[in-house]
Amino acid sequence: TTRKNFSRKIRFTTYVAYGTKDKEFKGHAKVNYAISNEPERRLEFNFKQDNALLGASSDDILTEGSMMKSMLAKNNGSGDRRSLVRKFSASYLNEWSPNVLQAYSITSRKIFANVNLPMMTSEGEAVPAINDNQIHVGTRFCWKEDVARGVFSNQHLYTKYPVVILDLGGSFKTPGKWSYQYLRPELSVTWKKMTPPLGYSRMMFNTGTIIGQVPYPLLKLHEGNSSYIYERSAFSCMNHYEFASDTWASFFFEHNFGGFFLGKIPLLNKTKMREVFTFKATYGSLSEKNGTKPLFIMPEGMSSLGGVPYVETGVGIANILRFIRVDTFWRLTHRREDMRNFAVNVGFEVMF
């Protein structure tokens, strides 16, 4: 990545890799053009070809977090189910006011099938790849938020009010086979609520729907976690590709007690460790056109939630040595002997 001493207007980011197992080249090239910093206005052009877990909370394979997640993956088969994805995108970010940020983007993706994650129509025809051509208009609403402004991007730090993101997306059909048309509106609300003297809570609510008939890679693939690394917006006991929906609602709740209990225990109070409680739940369904009459046969192990919410909860200790956290999670619903009903995650975060 180029630095600001190279240019304060243009930044280039790239990498190239080669897979020794699949014999495929991977790569990423991104260009950022900073039109202005305050208000924030930025153009971005992006090309990427790499393996990704569809529906994962992050598919950036060469980021530090994703590399660590790959190295610490659980032995549940999800690591073998990465799909090769080729993606082109262009986006424009515009800060209309300190409270309203809007992004416009157009993306073209080609998702390839593989031996471990095949694509096959209900009639038994093998599909080598599908095309997904998306247009998005995303709007972020906040109020009285602290923002650290950088040269090429801004960091949104804290507001005592909820942050609302409305994303209106859809895909248009192109000539040829294996292209699909649908609409996908989605709403997310996040809120960090201070609750002295009992620390603070983080809450996130997400809901959306897919209007149209799509193959399973384009459904809402609920975010599983196939590594030992903690992910705030993923389900720790859920496998990747375990559940799919075309209408859904998810709720993530995390409360950090700020040492309210451990701070009262002699010797332990000197460590400044903090207690954490987590609750995660999601509910989703598949319509008849995507459930009983699907375009593609779902891969082994994937199903709808079947009218029952998926729920898991956990407890943990944060601020170990000032930056380590360890959480344990239990699956409360959809429990089966062949599934992970208990998980341990390790996270890294700096607290002040």
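This is a predicted model: local features need pLDDT of at least 70, side-chain atom pairs count only at pLDDT 80 or more; totals for chains, interfaces and linings use all residues.
A charge is said to sit over a ring if NZ of Lys or CZ of Arg is within 6 Å of the ring centre and within 35 degrees of the ring normal. With that in hand, K173 lies over the face of Y180, at 5.9 Å from the ring centre.

Residues are numbered from 1 along each chain as its sequence is written, and side-chain values use heavy atoms, leaving out hydrogens and water.

Let us step back to the whole protein. It has two helices and 18 strands; these are DSSP runs numbered from the N terminus, with helices (H or I) of at least four residues and strands (E) of at least two. The C-alpha atoms fill a box of roughly 65 × 55 × 40 Å along the principal axes. A compact globule of 352 residues would have a radius of gyration near 20 Å, and the protein has 21 Å, which agrees. That radius is taken over C-alpha atoms, and the globule rule is 2.2 Å times the number of residues to the power 0.38.

How much of the protein is buried? Buried residues make up 42% of the 352 residues, where buried means under 20% relative accessible area, exposed over 50%, and partly exposed in between (1.4 Å probe, protein chains only). D50, in strand 3, is one of the residues that count as buried, because its relative accessibility is 7%.

Next, some details of the backbone. The peptide bond from E38 to P39 is cis, with omega near 5°, and P39 lies in the loop between strand 2 (25–36) and strand 3 (41–52). Another cis peptide bond runs from P196 to P197, with omega near 5°; P197 belongs to the loop between strand 10 (182–194) and strand 11 (200–209).

L267 has a phi of about 75° and is found in the loop between strand 14 (247–256) and strand 15 (274–285). N319 has a phi near 65°, and its place is in strand 16 (residues 310–320). Is each of them buried or exposed? L267 counts as exposed because its relative accessibility is 67%, whereas N319 counts as buried because its value is 2%.

Now to the aromatic rings. Rings of Phe, Tyr and Trp (its six-membered ring) pair if their centres lie within 6.5 Å; planes under 30 degrees apart count as stacked, over 60 as edge-to-face and the rest as tilted. By this rule the count comes to 15 aromatic pairs. In one of them, F243 and Y310 have ring centres 6.1 Å apart and planes at 55°, so the pair is tilted. This pair links distant parts of the chain, 67 residues apart: F243 is in the loop between strand 12 (220–221) and strand 13 (244–245), and Y310 is in strand 16. Both F243 and Y310 are buried, and together with F235 and F252 they form one aromatic cluster.

Charged side chains also meet. The structure holds 14 salt bridges, each a side-chain nitrogen of Lys or Arg within 4 Å of a carboxyl oxygen of Asp or Glu. K220 forms one with E223, the closest N and O atoms being 2.7 Å apart. K220 is buried because its relative accessible area is 6%, and E223 is buried because its value is 14%.

Another salt bridge joins E242 and R331, with the closest N and O atoms 3.0 Å apart. This pair links distant parts of the chain, with E242 in the loop between strand 12 and strand 13 and R331 in strand 17, 89 residues apart. Both E242 and R331 are buried. Elsewhere, salt bridges that share partners join R232, E254, R325 and D327 into one network.

We finish on the surface, where F277, V315, V326, W330, L332, F342 and V344 form a nonpolar patch with about 560 Å² of accessible area together. Patches are made of residues with over 30% relative accessible area and no salt bridge, with like charges joined within 9 Å and nonpolar side chains (Val, Leu, Ile, Met, Phe, Trp, Tyr) within 5 Å. Accessible areas come from the Shrake-Rupley method with a 1.4 Å probe, and for residues only the protein chains shown count as cover. Strand 17 (324–331) and strand 18 (342–348) each supply at least two residues of this patch.
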